[in-house]
Amino acid sequence: MAGLGSFCVSLLNYKTAKYVIAENKRIGILLRLYQLAVLGYIIGWVFVVKKGYQEKEETIQSSVITKLKGVTMINSSETGSQLWSPEDYVIPPNGEQVFFVVTNYIETPNQTLGRCPESAKVLDGQCNSDDDCIEGETVKAGHGVKTGLCINDTGTCEIQAWCPVEYKKRPEEPLLSEAENFTVFIKNFIRFPKFEFSKSNFKDNPTNSSNDTYLKGCSYSDKDPYCPIFRLGHMVSLASHDFQTMAIKGGSVGIVIDWNCDLDKDSSECNPQYSFTRLDNSTKSGYNFRYARYYKDQNGTTNRTLFKVYGIRFDIMVIGQAGKFNIVPTVIAIGSGVALLGAGAFACDMILLYMMNTSFFYRERKFEIINFKRDRTKPKDGKTGHRERRTRKPAAEKEAINSIKKPEETELTEGSPTVENQPPVDNRGPTIPRNTGQRYSAILSPQGGGTKNRTDVRFSPTGTNAGMTLA
């Protein structure tokens with residue numbers, strides 16, 4: 001209980017800092033190096049690199065519009081010459097943030113609804129007898145529904161489907177190899193709502209030329225970031241891949257538009273930065289899907305042409321942030337730096353007070369417990385701690401002391417003429433200059449039994465020094 005009481009009482013104590021200068025060069029050098037490192041971190045990293053004095057906004061509102069241009073001619077043994085334009089090879093054609101460009105394909109023309117054998121590549125469509133082809137059962141990973149018959153010539157089940165089924169292989173060379181030179185115009189509009197700042201990635205009114213003429217004649221380069229017209233082959237090469245190799249199986253490329261705007265500067269300094277990367281795994285299969293084009297023949301029968309297309313998918317991603325000076329993050333950054341400086345002093349204190357051979361010496365100088373009531377009565381140099389109070393003497397005693405005359409004044413009064421015939425006497429005595437080597441000698445001569453003591457004062461000048469003898 002006594003320990004608990006002492007602990008509770010100690011909670012009411014007040015602690016205040018006591019500054020002690022420790023002449024220890026190792027600790028001093030360590031502290032200064034730490035402070036220099038913290039100052040370098042605050043000034044160099046926090047303020048210069050990260051711009052910690054700015055208020056940030058990472059919420060960016062963005063709109064992307066794309067438009068592709070380019071045509072190519074393809075010669076096919078079955079369908080003859082075909083002209084592929086953006087309406088044919090761009091999917092979807094309405095210019096969204098994600099678009100697909102056809103680079104290779106397998107064409108199955110003139111398909112009609114009917115009965116035909118399943119492809120031999122489909123495992124679930126293979127059969128040895130009619131018992132393996134259950135009527136009405138869908139062929140897994142196949143092209144239609146089983147009719148219940150097994151076709152011995154092909155060793156597959158007969159199906160109800162669009163016939164003939166797809167049977168060709170993928171071409172080893174991209175049919176749309178010229179797609180490498182197709183161009184895409186990427187319009188990007190961004191807005192930072194907190195700062196009410198809006199901008200686009202192309203020039204609205206270029207200098208010395210109209211907007212249409214400028215955009216038709218320019219192409220993207222690092223020196224001209226406001227011409228967002230990109231060649232497809234250039235974008236793939238910037239992603240560190242070969243366009244012709246990727247065009248065989250297809251793939252996926254990411255286009256990143258980064259807006260990093262310092263709104264403390266002019267708006268012309270806020271420019272987009274483009275980067276390109278391949279998103280899919282190049283060692284595995286690329287990107288492909290199927291679609292069909294439907295038409296009716298002269299008899300009104302619905303036919304279609306099936307395409308299995310391979311190509312490159314482009315994903316446009318817009319990121320960014322804006323910053324502007326604000327006093328709040330500035331104060332927070334400075335406060336964090338001051339706290340780091342205090343942490344250095346705390347670490348040096350721990351080393352000095354607890355991790356050195358002479359720590360006990362520094363601890364004795366660092367920590368001191370004081371109590372005014374106890375220390376005021378503590379003896380110091382043989383004297384009590386109380387302040388000695390001067391006793392006031394009674395008024396009667398003061399008058400008695402003042403009434404006692406000095407012997408010199410008594411003798412001078414007895415042997416002197418009346419005050420009326422005597423000139424005024426200066427009671428201050430002779431003025432003796434300092435530091436001139438004067439000698440003072442006082443000799444008290446005893447007189448006869450009934451006589452009073454007499455004091456004779458004689459002055460005998462000697463050169464510049466004056467000697468005084470009291471007799």
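**Exercise 1.** Work out the handedness of the Cys116 and Cys163 disulfide.

*Solution.* Start with the torsion about the S-S bond of Cys116 and Cys163: it's about -80 degrees, so this disulfide is left-handed. A disulfide here is a pair of cysteine sulfur atoms within 2.5 Å, and these two sulfurs sit 2.0 Å apart. Strands are DSSP runs of E, at least two residues, and helices are runs of H or I, at least four, both numbered from the N terminus.

Before you go on: this is a predicted model, where local features need pLDDT of at least 70, side-chain atom pairs count only at pLDDT 80 or more, and totals for chains, interfaces and linings use all residues. Residues are numbered from 1 along each chain as its sequence is written, and side-chain values use heavy atoms, leaving out hydrogens and water.

**Exercise 2.** Decide whether Cys133 and Cys157 are buried or exposed.

*Solution.* Buried means under 20% relative accessible area, exposed over 50%, and partly exposed in between (1.4 Å probe, protein chains only). Cys133 has 2%, so Cys133 is buried. Cys157 has 0%, so Cys157 is buried too. A disulfide joins this pair, S to S 1.8 Å.

**Exercise 3.** Find how helices H2 and H7 are oriented to each other.

*Solution.* First, get the angle: the axes of H2 (residues 25-49) and H7 cross at roughly 160 degrees. Then apply the cut-off: angles over 145 degrees count as roughly antiparallel, under 35 as roughly parallel, 65 to 115 as roughly perpendicular and the rest as oblique. So H2 and H7 are roughly antiparallel.

Key:
Axes fitted to C-alpha atoms, helices over the stretch in contact; angles between N-to-C directions.
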